[in-house]
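Okay, thanks for making time, everyone.

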Amino acid sequence: MNDDTELAVRPHERDPEDGLALIDDPAFIERVADAIEAGRDDELRVLIADFHETDMARLLEALPAPARPKLIELLGSDFDFTALTELDETVRVQILEELETKTVVEGMRDLDSDDAVYILEDLDDADKQEILGQLPLTERAALQRSLDYPEESAGRRMQTEFIALPPFWTVGQTLDYIGETEGLPETFFELFVVDPTYRLTGSVPLDRLLRTKRGVKLGDVVTPDRHVVQATDDQEDVARVFERYNLISAPVVDGAGRLVGVLTVDDIVDVIQEEADEDVKALGGVAADEELSDSFWYIAKSRFSWLLVNLIAANLASFVIALFEDELQRLVALAVLMPIVASQGGNAATQTMTVAVRAIATRELRASNARRVIARELLVGLFNGVVFAVIMAAVVFARFGVADLGFIIALAMIINLVAAALGGILVPLTLNKMGVDPAVSSGPFVTTITDVIGFFAFLGIASLWF
């Protein structure tokens, strides 16, 4: 028996890292695909035994598209639908559309409500309602309530499974209830105390509960929650609260103050990752929802508008260059050197813009400290401008032997790096004040500023000097 077979038939001896290594092995993927195609479910179960849901998601993405729903159908109740929450949206929707509604309904019954909502929210309304219609009434109502909240809100992210008890219960009653009741959340960090109308009065952390005598009432040990989340709050704002106050969980209430769910730190980690991913993509001119699994046509369309804006900006810069055509013909060295000024300014502006956009997103850059930050960036731009001006002046003199040309590029470098510092921070601030996402829109404006000022300063000074 070869090593691959031994690894496959003895899952209990695997190292946890083996799942990751197997998915990166084309031979293993081919064996899984062959087992799926032949309908050999016993062999399939042995091959992927004890796979974590994250590894299962990577396996699904590695398989050919027709094999993905077949794997889920062959595994039946052994397939953990939590794996679908780890997939790219495009792949997840494709799989769900291929599966029978009955299979999806059965798989979703074992999911936490937040994971179920995450899977449902990307489907079209017809498929969504078809699945909801086959769920038990209580589960359907809870999921529909979460789906009715705005996208990227706390209501969409919350779990509707939690423990809520009246204040007159004793600690002993509570511990007995937790130990004997089925269907409680698998993981929880605190229980909540509510009044008869289900309005939240506070929470009791588990560590305090376990350290309190059995006869004490919950109302005597409850702590009023200082960080209550509204169901309509934006998930990014909620993530910021978790980060600032080192929260593990937080109750979610509706407009009337009634407890409707709970957010836990694992949900917030996903939010932070998603928001950071969106910001990085936006700075590069890529749509926030673009995934590796998207089609050629979708990606081409989503990137077209950004490239068009950059093309317009490039034409504006070329127009500035055309104004100094005669000077460029008289002194070829100007054509050789002018991209250096614009490029250095563009890089400096990108550095400032990246820091500014991130600071705006995290609310670190505010009106109260904007002037101080702008002044600091101006000093940084001036300092770097002077240093690189001296370097370039020496380089130009060494290459061309013209002292005047070194002075010109040095002066242009200082002007453009100062302009880059100003543009890199003022453009994001201005766009944010206008209600436009600075991560999406700052790039073309800042690039245009540094190109136009860089070319105009260098060629303009040269034209006047010579």
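Predicted model: local features only at pLDDT ≥ 70, side-chain atom pairs only at ≥ 80, totals over all residues.

So, how much of the chain over residues 222–278 is helix, and how much is strand? The chain there is 44% helix and 23% strand, and the end C-alpha atoms of the stretch sit 39 Å apart. I picked that stretch because UniProt, in an unreviewed entry, places "domain: CBS" at residues 222–278.

In general, for soluble globular proteins, nonpolar side chains tend to be buried together. Here, the largest nonpolar core has 44 residues, and the ones with the most contacts inside it are Val32, Ile48, Leu59, Leu71, Phe79 and Leu84. Which helix gives the largest share of this core? That's helix H3, residues 26–38, with six residues. Apart from that core lies another one, of 34 residues, and Leu334, Val341, Leu417 and Leu459 are among them.

Let me stay with Phe79 for a moment. Leaving out residues up to four places away in sequence, Phe79 touches Met56, Leu60, Leu71, Ile72 and Leu84. Its relative accessible area is 5%, so Phe79 counts as buried, the limit being under 20%.

Phe79 also brings us to the aromatics. How many aromatic pairs does a search of the whole structure find? Five. One of them is Phe79 with Phe81, an edge-to-face pair at 5.4 Å centre to centre, with 80° between the planes. Phe81 is buried too, with a relative accessible area of 2%. Then there's Trp169 with Tyr177: the ring centres are 5.5 Å apart and the planes are at 80°, so that pair is edge-to-face as well.

The largest pocket holds about 1,600 Å³ of space. It has 46 lining residues, and the closest to its centre are Thr85, Tyr118, Arg157, Asp270 and Glu274. Which elements give two or more residues to that lining? Helix H5 (53–62), helix H7 (89–98), helix H9 (113–120), helix H12 (154–157) and helix H17 (265–283). H17 gives the largest share, eight residues.

H9 deserves a word of its own. Eight of its eight residues are buried, and they include Asp114, Asp115 and Tyr118. Tyr118 is also one of the residues closest to the centre of the largest pocket.

Last topic, backbone. Asp50 has a phi near 65°. Where is Asp50 found? In the loop between helix H4 (41–47) and H5. And since its relative accessibility is 68%, Asp50 counts as exposed.

The other one is Asn246, with a phi near 55°. Asn246 is found in the loop between helix H16 (235–245) and strand E5 (249–253). At 66% relative accessibility, Asn246 counts as exposed. That's what I have, so over to you.

Notes. Residues numbered from 1 in each chain as written. Heavy atoms only, no water. Helix = DSSP H or I, 4+ residues; strand = E, 2+ residues; numbered from the N terminus. Core = buried A, V, L, I, M, F, W, Y, C linked by side-chain atoms within 4.5 Å. Buried < 20%, exposed > 50% of the residue type's maximum accessible area, 1.4 Å probe, protein only. Contact = heavy atoms within 4.5 Å. Phe/Tyr/Trp six-rings, centres within 6.5 Å; stacked < 30°, edge-to-face > 60°. 1 Å grid on protein atoms, 1.4 Å probe; cavity = no way out; pocket = protein on both sides within 12 Å on 5 of 7 lines; lining within 4 Å. Points joined across faces, edges and corners; volume = space filled by probe spheres on them.
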